[in-house]
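Dear colleague,

I am handing over a structure that you have not worked with before, and I would be grateful if you looked through it with the notes below at hand.

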Amino acid sequence: MRDLICSVLADHARLKSDASELGDEDDLYQLGLTSHASVNVMLALEEAFDVEFPNELLRKSTFQSIANMAAALRELGAEVPAR
Amino acid sequence: MIGAEAPALSLADRARAVSQVAAAAAEAVDRAARFPAEAFDEARQGRLLSALIPSGLGGEGASFADVADSVRIIAHGCASSGLIYAMHQIQVACLVRHGDNDVLRDALRRVCDEQLLLASATSEVNVGGDVRTSVCAVEPAETGFTLQKAAPVISYGEQADAVLATARRTPDSPPSDQVLVYLPAGPDLTLERSGEWDTLGFRGTCSLGFRLQGRGQPDQILTSAYGDISAQTMLPVSHILWASVWLGLAESAAAKAHTYLRAAARKSPDRPLAAARRTAELSASLQELRGLIRAAVALFTAHEHDGDALGSVSFAISMNSLKVSASTLVVDIVAAAMGICGMSGYRHDSPFTLGRHLRDAYGAALMINNDRILDNTAQLLLVSKEI
């Protein structure tokens, strides 16, 4: 799951640092994640994991770190799709 | 110190006194594009600048709804005065809701004691109008910090007693990682004029460009991320208070049309007047605008202390939509009033003149451009699961 999140971040988050070097708890907003980019991250996560983020998870904190995204995705029952 | 007891007159009554003074000066302010000093002398006298500040700090702890109404009342007399007063209250709201240290609480006490006027430096040269992006940064200095910002606009910057400016958190921070910095006027703040303000409307706001140079201590920096301050306070309070300015402006134009209609009806009571139906339509638009603001105030007030609700997608969409709808309605209403008053509204030398109203009204859709807001709403709708 982590790898797929990182690949979504690499494609859509437009961070200052390389997505592969991110720590699970790093604050992505402090690394340059904009609200515009976070929308694209969410859409890409929905596509990659075949889930829908319900409105109550559409908070800034949900996309603040890899750990938060992983927790939200697990809450949604996301599974890593077979490649 | 002017005294901390609750003023004897209601906030609305004191706003009406300001509105009268502002109305008497409105034409001169508009013509010269000068600051409405007499209106703000009256506002200070009535302690309006600290209305929103809790009584524990020396203010009167007025409700957000009452402050929005005081904005409407002042804008009825002079829209520039109303807008300046609104922008001041937006800065006060940011400090009241997010200023969580002694330095910032002292700043609020000073606003009460000395009736300070607060201005905002959120826009910046080279960011394309996106206030959620900064180029400048808070730079650590030997003692405290320094900040330099090229501000294309600081409304009433030359008259302000303090400025709240956005900047990147550190020189290494990305453009979106912003903080809000409190910079009181004095030896530690220099505003060097870099642009003029000669516009169609809202001429009294004196929204000149400046090169800002400030320095200060770390506690002048609000601890919350500006992104949160923006979502929870700056965005909703701005849109509601700006819309309240437009309502005051619209009501002022509508009042002229209504007076004009009644005078015409008295002259020919038997003849049906086309202007009567136009006025009925105008009245419906006015009701629509009032309803939009009332609903937005109720929504914000209901979630005032719930950061998650205020940060939600649906709340941001509501506030964006208020801005777009209200700024469109105000133009419709003023134009309708002009249609009702006819040549009397078109002339400068008539009591029904509506030139300033029309010029001011057109600013509403352009200041924080509606296209930018609609694009933002469009983005939010991509993630929202309901509409």
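In chain B, the rings of B:Phe64, B:Phe300 and B:Phe315 are linked by ring pairs into a cluster; please keep in mind throughout that this is a predicted model. Over all chains, the structure holds 6 aromatic pairs. One of them is formed by B:Phe35 and B:Phe40, whose rings are tilted with 35 degrees between the planes and lie 5.4 Å apart, centre to centre, and both of these residues are buried.

Returning to chain B, B:Arg72 belongs to helix α3, which covers residues 64-77. B:Arg72 counts as buried because its relative accessibility is 19%, and the cut-off for that term is under 20%. Its side chain makes a polar contact of 2.7 Å with the side chain of B:Glu251, and, beyond its neighbours within four places in sequence, B:Arg72 also touches B:Ser244, B:Leu247 and B:Gly248, among others.

Chain B also contains an open sheet of 4 strands, paired antiparallel in the order β2-β3-β7-β6. Strands β2 (139-140) and β6 (189-195) stand at its edges with a single partner strand each, so one side of each has no neighbour in the sheet. Between strands β3 (residues 145-155) and β7 (residues 207-216), which run antiparallel, there are 9 bridges, and B:Gln148 has B:Gln213 in β7(B) as its bridge partner.

With kind regards

How values were computed: Residues are numbered from 1 along each chain as its sequence is written. Chains are lettered from A and ligands numbered from 1 in the order in which they are written. This is a predicted model: local features need pLDDT of at least 70, side-chain atom pairs count only at pLDDT 80 or more; totals for chains, interfaces and linings use all residues. Side-chain values use heavy atoms; hydrogens and water are left out. Helices (H or I, at least four residues) and strands (E, at least two) are DSSP runs, numbered from the N terminus. Buried means under 20% relative accessible area, exposed over 50%, partly exposed in between (1.4 Å probe, protein chains only). A polar contact is a pair of N or O atoms within 3.5 Å; within protein, one must be able to donate a hydrogen and the other to accept it, and residues adjacent in sequence count only if both atoms are side-chain atoms. Contact means heavy atoms within 4.5 Å. Rings of Phe, Tyr and Trp (its six-membered ring) pair if their centres lie within 6.5 Å; planes under 30 degrees apart count as stacked, over 60 as edge-to-face and the rest as tilted. Two strands pair if DSSP finds at least two bridges between them.
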